[in-house]
Amino acid sequence: MSKQTDDLFKNIVSHAKEYGFVFQSSEIYDGLSAVYDYGQLGSELKNNLKTYWWKSMVQLNENIVGIDSAIFMHPTIWKASGHVDGFNDPMIDNKDSKKRYRADQLIEDKIDRYEKDGKSDKAAQLQKDLDDALNADDLVRLKTIIEEHNIVCPISGTKNWTDVRQFNLMFATQMGAMADGAEQVYLRPETAQGIFVNFLNVQKTGRMKVPFGIAQIGKAFRNEVIARQFIMRMREFEQMELQFFVRPGTELEWYEKWKETRLKWHLALGSDPAKYRYHDHVKLAHYANAAVDIEYDFPFGFKEVEGIHSRTDFDLKQHQEFSKKKMQYFDPEINQNYIPYVVETSVGLDRLFLTVFANSLVHEDLSTEEKQDSRVVLKFHPAIAPVKAAIFPLTKKDGLPEKAREIMNRLKLDFNMQYDEKDAIGKRYRRQDAIGTPYCITVDHQTLEDNTVTIRHRDTMEQERVAIDQLRNIIGDLVSWNHLLDQLL
Ligand code: GAP
């Protein structure tokens with residue numbers, strides 16, 4: 001990261017903390033690595049992002065329904081899915097610093113360094129060597145690459161490496177009170193399997209016809225070897241996943257459709273299209289016949305926010321084999337039984353949160369010839385803003401606070417509101433700008449005479465005078481989900 005992008009990222013992290021969006025978990029105990037808590041505004045923003053996703057999937061599509069499956073599942077599920085044997089990261093330790101690294105990430109950092117030094121040919125060759133070694137699961141080769149390219153430990157500066165070993169990312173725990181009778185269970189590393197094992201329950205009880213989808217939002221857990229970049233790579237995180245069940249042979253058509261639909265969904269939030277790109281997978285996961293990431297240009301470079309996979313019939317077939325229960329669907333249109341193929345879209349809620357935050361945080365210079373001025377604004381789309389409107393009495397006297405409270409008491413039935421009477425109006429505007437509140441309502445002496453107030457718009461900073469009776473409709477229209485969802489149709 002250059003100094004400028006490093007500062008940009010530090011700004012994002014400190015703004016998120018200072019205004020109650022994201023805190024380090026267990027902070028008073030010096031924190032827990034790669035685990036974060038969402039504060040009073042962060043949890044609102046997160047809930048709004050979930051609502052946007054849920055509505056776009058379940059409300060807009062007659063053939064998509066949502067579920068909420070348990071985090072604990074039968075341990076054989078993870079055998080069947082391949083996670084017990086194959087959900088690993090290649091890991092290497094430096095014997096001097098005693099620090100552990102992901103071997104592929106050490107090599108990727110070296111590729112970045114070659115690129116920065118203008119050694120593109122060397123970078124391309126190293127990328128190819130890395131891809132070949134990963135595709136072949138060749139751990140010995142990974143270590144030789146590290147040695148050949150003189151990759152040193154960033155802490156000790158030495159090349160005193162252990163061999164590369166596989167490290168399973170699932171957290172395990174015991175279920176049941178008796179030590180000898182307890183069963184080992186896992187914290188799910190993805191929400192997808194909860195959908196697969198409920199495929200027939202939902203299909204039958206919901207009378208769903210292929211093609212149809214099952215959506216789910218929920219926590220997932222991975223014992224990441226390297227946890228870094230704030231809420232990018234966490235050990236406890238949240239996913240929003242759709243498994244879309246289709247007739248075999250049609251999956252690549254649906255894959256293309258979902259690829260397009262999902263990018264449109266991200267862009268509807270108002271992000272700069274140049275900040276997004278597709279990245280096709282070189283190494284396909286064991287279950288996929290096509291896979292792409294939607295990447296966002298974070299201050300530390302383009303990184304995955306969402307994965308779209310054509311998962312074939314791998315998961316349902318595996319569950320059929322391991323559970324000995326038929327996972328077939330009878331297709332009345334072609335009079336055939338088959339195991340459906342699946343196209344999956346999986347977006348990390350925390351990474352999405354970070355894209356929205358990074359994309360919205362703006363430092364604006366408002367200086368004029370007369371005076372220097374600036375503001376920090378979170379330009380969230382109004383539908384996802386944590387607080388929809390703030391209400392200010394111009395002064396703390398003359399009955400203005402009472403009038404402002406009266407208006408707030410009506411509006412809070414529909415919108416998340418904040419009341420603020422402290423400091424000058426300008427300061428109060430800045431506080432709301434910094435948390436992304438799209439509208440500020442000011443109650444002044446004229447309000448007491450004619451029942452009108454001013455609304456100040458966050459982005460343009462323009463103000464207009466409107467009747468109190470119209471506030472509910474005006475704000476309701478401005479923050480409506482329609483403005484987001486309409487772009488998806
Ligand atoms: N069911 C498919 C699946 O889990 P994945 O690419 O491993 O695929 C999907 O994960 C998404 O989950 C990623 O695109 C990312 O946004 C998010 N994600 C994965 N690991 C994460 C982590 N350690 N911390 C935060 N988000 C993560």
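**Ground rules.** For residue classes I count Ala, Val, Leu, Ile, Met, Phe, Trp, Tyr, Cys and Pro as nonpolar, Asp, Glu, Lys and Arg as charged, and the others, Gly among them, as polar. This is a predicted model, so I note that local features need pLDDT of at least 70 and side-chain atom pairs count only at pLDDT 80 or more, while totals for chains, interfaces and linings use all residues. Residues are numbered from 1 along each chain as its sequence is written, and side-chain values use heavy atoms, with hydrogens and water left out.

**The ligand shell.** I started with the neighbours, taking a residue as near if one of its heavy atoms lies within 4 Å of the molecule. The ligand has 20 residues around it, and the closest are Glu190, Glu224, Glu241, Glu304 and Val305. Sorted by class, I get 10 charged, five polar and five nonpolar residues in that shell.

Next came the polar pairs, meaning N or O atoms within 3.5 Å; within protein, one must be able to donate a hydrogen and the other to accept it, and residues adjacent in sequence count only if both atoms are side-chain atoms. Arginine 222 puts a side-chain N or O atom 2.8 Å from a ligand oxygen. Valine 305 uses a polar backbone atom instead, 2.7 Å from an oxygen atom of the ligand. Methionine 232 has a backbone N or O atom 3.3 Å from a ligand nitrogen.

How much of the ligand's accessible area does the protein cover? I find 93% of the 560 Å² that the ligand has on its own, by the Shrake-Rupley method with a 1.4 Å probe (for residues, only the protein chains shown count as cover).

I then asked which elements line the shell, with helices (H or I, at least four residues) and strands (E, at least two) taken as DSSP runs numbered from the N terminus. Strand 10 (236-246), strand 13 (301-312) and strand 16 (341-348) each give two or more residues. Strand 13 gives the most, with six.

**Glutamate 190.** This one is among the closest to the ligand, so I looked it up separately because it counts as buried at 5% relative accessible area. My cut-offs are under 20% for buried, over 50% for exposed and partly exposed in between (1.4 Å probe, protein chains only). Glutamate 190 sits in the loop between strand 8 (183-186) and helix 8 (192-196). Its side chain makes polar contacts with the side chains of glutamine 193 at 2.8 Å and arginine 311 at 3.4 Å.

**UniProt check.** The positions are in the numbering used here, feature names are shortened, and annotations may be inferred rather than shown by experiment. In the unreviewed entry, one "binding site" list holds Arg222, Asn223, Glu224, Glu304, Val305, Gly348, Leu349, Asp350 and Arg351. Asparagine 223 is in the loop between strand 9 (212-221) and strand 10, and it is partly exposed at 24%.

Another "binding site" list in UniProt includes Arg102, Glu190, Phe237 and Glu344. The positions on that list span 247 residues in sequence and the farthest two C-alpha atoms are 26.5 Å apart, so they do not all gather at one spot. Phenylalanine 237 is in strand 10 and is buried at 14%.

**Whole chain.** I count 17 helices and 23 strands. Of the 489 residues, 50% are buried. The C-alpha atoms fill a box of roughly 80 × 65 × 50 Å along the principal axes.

Most residues other than glycine have a negative phi, and most peptide bonds are trans. The bond from valine 210 to proline 211 is cis, with omega near 5°; proline 211 is in the loop between helix 9 (199-205) and strand 9. Aspartate 137, in the loop between helix 6 (120-135) and helix 7 (139-148), has a positive phi near 50°. Methionine 461 has a positive phi near 65°, and it lies in the loop between strand 22 (452-457) and strand 23 (463-467).

**Cysteines.** How many disulfides does the structure hold? I find zero, counting a pair of cysteine sulfur atoms within 2.5 Å. Cysteine 153 is buried at 1%, and cysteine 440 is buried at 1% relative accessibility.
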